[in-house]
Amino acid sequence: MSDEVYKEIILDHYKNPHNFRQLAEPSFKADDSNPLCGDHIELSVKVADGRVSEVGFIGKGCAISQAAASILTDLIQGKTLDELKGMEKEQLLEAMGNPDLGPVRIKCALLSLKTLKLGLYPYMSARGPTP
Amino acid sequence: MEALALDVEKVGADVPIFSKLFNGKTLAYLDNAATSQKPKQVIEALTDFYEGYNSNIHRGVYEISERATEEYERTREAVRGFIGAGSTEEIVFTRNATESINLVARTWGESNVREGDRVLISVLEHHSNLVPWQVLCQAKHAKLEYIGIKGDGTLDMDDFKEKAGGARLLAVTQASNVLGTIVPVKEMARIARREGCTVLVDGAQSAPHMKVDVNDMGCDFFALSSHKMLGPTGVGVLYGRKDILEAMPPFNLGGDMISEVHSCSASWNELPWKFEAGTSNVADVIAFYHAISYLERMSMESVREHEMRITDYAMDRLREFGGLHLYGPADLSKRAGIIAFTMDDAHPHDIAAVLDREAVAIRSGYHCAQPLHESLSLGGTARASFYLYNTEAEVDRLVAALGKVREVLGR
Ligand SMILES: Cc1ncc(COP(=O)(O)O)c(C=O)c1O
C-alpha cells in the first residue's frame with residue numbers, strides 16, 4: 001500500500017465527519033456492515049420533491065469506511081432518486097481523491113454506497129415509477 | 001540430534017525474504033500466527049524435487065518415483081517424531097489444519113455424533129475448529145456448547161468441568177490465535193476421556209511454537225498446518241489414534257486410498273493411506289521435512305524460550321507506549337507469542353495500514369475468531385505475533401510505527 005491512502009481529505013472527514021447524525025423521520029434508511037473487519041454504517045435519507053433534502057449517517061469502523069460515508073453524504077445532497085440509482089463507485093472514489101486502495105480496503109470505501117443502494121431500491125420500488 | 005542454541009541472527013539469514021526491501025526497508029514480519037516465513041532449506045527442497053526427481057508416489061517402480069516415495073514417507077516419520085505419536089499409521093497428510101478438522105467432522109463425526117449429543121468447544125476457537133462442529137451439530141440435532149474464558153483470558157476450567165460430563169466430543173485449541181492463551185489440554189483430555197468423551201486438539205498455533213507430545217497429552221486427534229511452522233502451504237497433518245482411525249470411514253474416495261477395486265465394490269487401503277485419496281501434495285510434503293528438521297535443530301524448547309522473551313519485551317514496550325489495550329493472559333507461562341491490542345482513535349485496519357508503510361506487517365480484524373471478539377465486545381483487534389526469527393529491534397520498529405499511527409490518525 002502506498003502513502004496515498006490517508007489523504008488529507010480522508011483524514012479530515014474521519015476526524016470531523018459531516019452529517020454524523022440519525023434523521024428523526026427519514027424517507028428511507030439502511031444499515032450494513034463489512035463482516036471481515038466489522039465496519040458498520042447506518043444511513044438515513046430524507047427525500048423532498050424527488051430529491052435528497054437531508055442525509056445523515058452514524059457508524060463505526062476504520063478511517064476509510066467512515067470518511068467515505070461522510071463524503072458520500074455530501075455527495076448525494078440534492079440529487080434525484082434516479083441520480084442516486086445511477087451512482088457509480090468511481091464517483092465516490094473520485095470524491096475521496098482516488099486513494100490507492102487495495103482489493104481488501106476498497107470494500108471499506110464502498111460500504112456506504114452499498115448501504116445507500118440497499119435502502120434506495122426498496123424505497124423506489126415501493127413508490128413506483130416516477131410520473 | 002544435538003540442539004543448537006537459537007541464534008536469531010543466523011535464523012534470519014536463512015530466510016531469504018528478510019534480505020528484501022519493502023518501501024526501502026527490511027520486513028519486520030509480525031504476522032506469524034497467519035503464516036510463517038520460509039528458510040532457504042525449505043525453498044530449495046521444492047526446487048530440488050521439481051528439478052531432480054519430480055514423479056508421482058506409491059506407484060512408479062523407477063528410481064525417481066521410489067526416491068519421491070521414500071522422501072514423502074520420511075516426512076511422515078519426521079512428523080510422527082515431532083509430535084510424539086506412536087506410529088506413522090497415525091499420521092495423515094491433508095491440505096491444512098482446517099481440512100484435518102473437517103476430515104474428523106465428516107467421518108468420525110458423521111458416524112459418532114447423534115441426536116441429543118453434546119459437542120464441546122471453547123469461545124477461543126478459530127472458525128476452522130468451530131464451523132465444522134456447528135454444521136455437524138445442526139445436521140445431527142446435537143448441541144454445540146462453548147467453554148467460556150475468564151477475565152484474564154485463560155480458559156474457565158470450572159465451566160469446562162461442569163460441561164465435560166456426558167459430552168461426545170471436546171474440540172479445543174491448544175493456543176488461541178488471538179489472545180495467545182495456552183489451554184491446559186492435557187488436564188482437559190484426562191478429564192474428558194474419563195467421561196468417555198473423544199478429544200480433538202487444534203494444534204495450528206501450538207505445534208509451531210512449543211514441544212508437543214500427543215501421547216502425553218492424551219488426545220484422540222491433533223491437527224496442524226505446515227505453513228505456520230516454516231513449511232510450505234498446502235500441507236496439513238491429522239494425527240488420529242490408530243484404533244479410532246481404523247474404525248472411521250474414509251474421507252475422500254478415489255485413487256491411492258483403496259486396496260482393491262472391482263466393478264461393484266472396493267476395499268480401503270491401510271492406514272494412513274486410507275485417508276489420502278488422489279495424488280498428494282508430494283513436493284510440499286517433501287519440503288515440510290526440512291522445516292521440521294530446522295525446528296528440531298533449534299529445539300522447540302529454545303523456540304518457546306525465545307518467543308517468551310520477545311513477548312515479554314513487547315508487552316513491556318507496548319504498555320510503556322500507553323493508550324493501548326492489550327488482551328490475553330499477562331502470565332507469560334500461559335501465553336504464546338501473540339499480542340492482540342486495540343488503540344483508542346485508530347481502528348485496527350488503519351493501524352495495520354499505517355504500519356505497512358513502515359514495512360511492519362501485522363494483522364487486523366477478527367482473525368477468524370469472530371465469536372471470541374463478540375464475547376469480548378470487540379469489533380476487531382490488531383495483532384502482532386512472533387516466531388523464532390523475530391528480534392527486539394523489530395519490536396522497537398513496531399512501537400515506533402505505532403507512534404506514526406497516533407500522529408496520522410489521532411483526533
Ligand atoms: C487456532 C487455529 N486453528 C486453525 C487454523 C487454520 O489453519 P489453516 O488455515 O492452515 O487450515 C488457524 C489458522 O489461522 C488457527 O490459528
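User: How many residue pairs are in polar contact across the interface of chain B and chain A?

Analyst: This is a predicted model, and across that interface the rule finds six residue pairs in polar contact, both residues being at pLDDT 80 or more. On the side of chain B that touches chain A, α12 (348-357) and α14 (392-409) each supply at least two residues. The largest share, six residues, comes from α12(B). By class, that side has six nonpolar, seven polar and five charged residues.

User: What makes the contact of B:D350 and A:R105 a salt bridge?

Analyst: Their side chains meet at 2.9 Å, N to O. The cut-off is 4 Å between a side-chain nitrogen of Lys or Arg and a carboxyl oxygen of Asp or Glu, so the pair qualifies.

User: What is the area buried between chain B and chain A?

Analyst: About 1,400 Å², with carbon and sulfur atoms giving 52% of it. In chain B, the residues that lose the most area to chain A are B:H349, B:R357 and B:R411, together 34% of what that side buries.

User: Now the rings, please. Why is the pair of B:F49 and B:Y53 called edge-to-face?

Analyst: Happy to! A pair of aromatic rings is described by the distance of the centres and the angle of the planes. For B:F49 and B:Y53 the centres are 5.2 Å apart, within the 6.5 Å limit, and the planes stand at 90°, over the 60 degrees required, so the pair is edge-to-face. Both belong to helix α2 (residues 40-53) of chain B, where being four residues apart separates them by about one helical turn.

User: How do you know whether B:F49 and B:Y53 are buried or exposed?

Analyst: Buried means under 20% relative accessible area. B:F49 has 2%, so B:F49 counts as buried. B:Y53 has 3% and is therefore buried as well.

User: Which residues do ring pairs link into a cluster?

Analyst: B:F18, B:Y387 and B:Y389 are linked in that way. Over all chains, the structure holds eight aromatic pairs.

Technical notes. Residues are numbered from 1 along each chain as its sequence is written. Chains are lettered from A and ligands numbered from 1 in the order in which they are written. This is a predicted model: local features need pLDDT of at least 70, side-chain atom pairs count only at pLDDT 80 or more; totals for chains, interfaces and linings use all residues. Side-chain values use heavy atoms; hydrogens and water are left out. Buried area is the accessible area (1.4 Å probe) that two parts lose on being put together, summed over both. A polar contact is a pair of N or O atoms within 3.5 Å; within protein, one must be able to donate a hydrogen and the other to accept it, and residues adjacent in sequence count only if both atoms are side-chain atoms. Ala, Val, Leu, Ile, Met, Phe, Trp, Tyr, Cys and Pro count as nonpolar, Asp, Glu, Lys and Arg as charged, and the others, Gly among them, as polar. Rings of Phe, Tyr and Trp (its six-membered ring) pair if their centres lie within 6.5 Å; planes under 30 degrees apart count as stacked, over 60 as edge-to-face and the rest as tilted. Buried means under 20% relative accessible area, exposed over 50%, partly exposed in between (1.4 Å probe, protein chains only).
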